[in-house]
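Keep the model open beside you as you read.

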Amino acid sequence: PQDLKYNNEVTNTEIGSNTTIREFCTIHRGTSARAKTIVGSNCLLMAYVHIAHDCIVKDNVIIANNVQVGGHVNIEDYCNIGGGSLVHQFCKIGCHSFLGAGLKLVQDLPPYIKAAGNPPKFAGVNSIGLSRNGFNEDLILTIKKIYRIIYRSDYNTAQAIQKIEETFSKGDKVVENILTFINSSDRGII
């Protein structure tokens, strides 16, 4: 791995089944931090993608040409990362999210949304990706309502979380996923 802390410890890379890795991709094994780099099943890594050490790329992820992913990045299921994008080390990308082409991500990208602009900003819910993956209209509407509170209200993040907890039913998997992601963010969300 391209990490100065690496000291010949035993580490590896795991790649799931049915993953396509195109020309000139680099995937670096882990270091003592995680002991492995993981690329899940049914992923597509297009030409010139770089996945650095200690990354976790879950299942059904599409990473377009020339995307550079720094070390210790977590990319959840069903993400789509546009060509030429840069993902800073230690960032997290939530499930079913879409990062537009040519962007530099230095904060976490919450689940179910699209990011566009420079710097990347909330550009709506990834409705097309969600519907393609079996989310019904009611669930997509719930996700839109949640992100309207986070991004389109005058609330700060803590106030938005409180409002979401008051408004939406506990135990709803999508609501819990969004709240858990935001509460566990170390870099802050876009």
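Of the contacts between residues at least 6 apart in sequence, 30% join residues at least 24 apart; contact means heavy atoms within 4.5 Å. Please bear in mind that this is a predicted model, where local features need pLDDT of at least 70, side-chain atom pairs count only at pLDDT 80 or more, and totals for chains, interfaces and linings use all residues. Residues are numbered from 1 along each chain as its sequence is written, and side-chain values use heavy atoms, with hydrogens and water left out.

A few whole-chain values come next.

| Property | Value |
|---|---|
| Box filled by the C-alpha atoms, along the principal axes | roughly 50 × 30 × 30 Å |
| Accessible surface (Shrake-Rupley method, 1.4 Å probe) | about 9,700 Å² |
| Part of that surface belonging to carbon and sulfur atoms | 49% |

Now to the secondary structure. The chain has four helices and 17 strands, taken as DSSP runs (helices H or I, at least four residues; strands E, at least two) and numbered from the N terminus.

Five of the strands form an open sheet in the order β3-β6-β9-β12-β15, paired in parallel. Because β3 (26-27) and β15 (104-105) stand at the edges with a single partner strand each, one side of each is left without a neighbour in the sheet. Within the sheet, β6 (residues 50-51) and β9 (residues 68-69) pair in the parallel sense over two bridges; pairing requires at least two bridges found by DSSP. Here I51 stands opposite V69 in β9.
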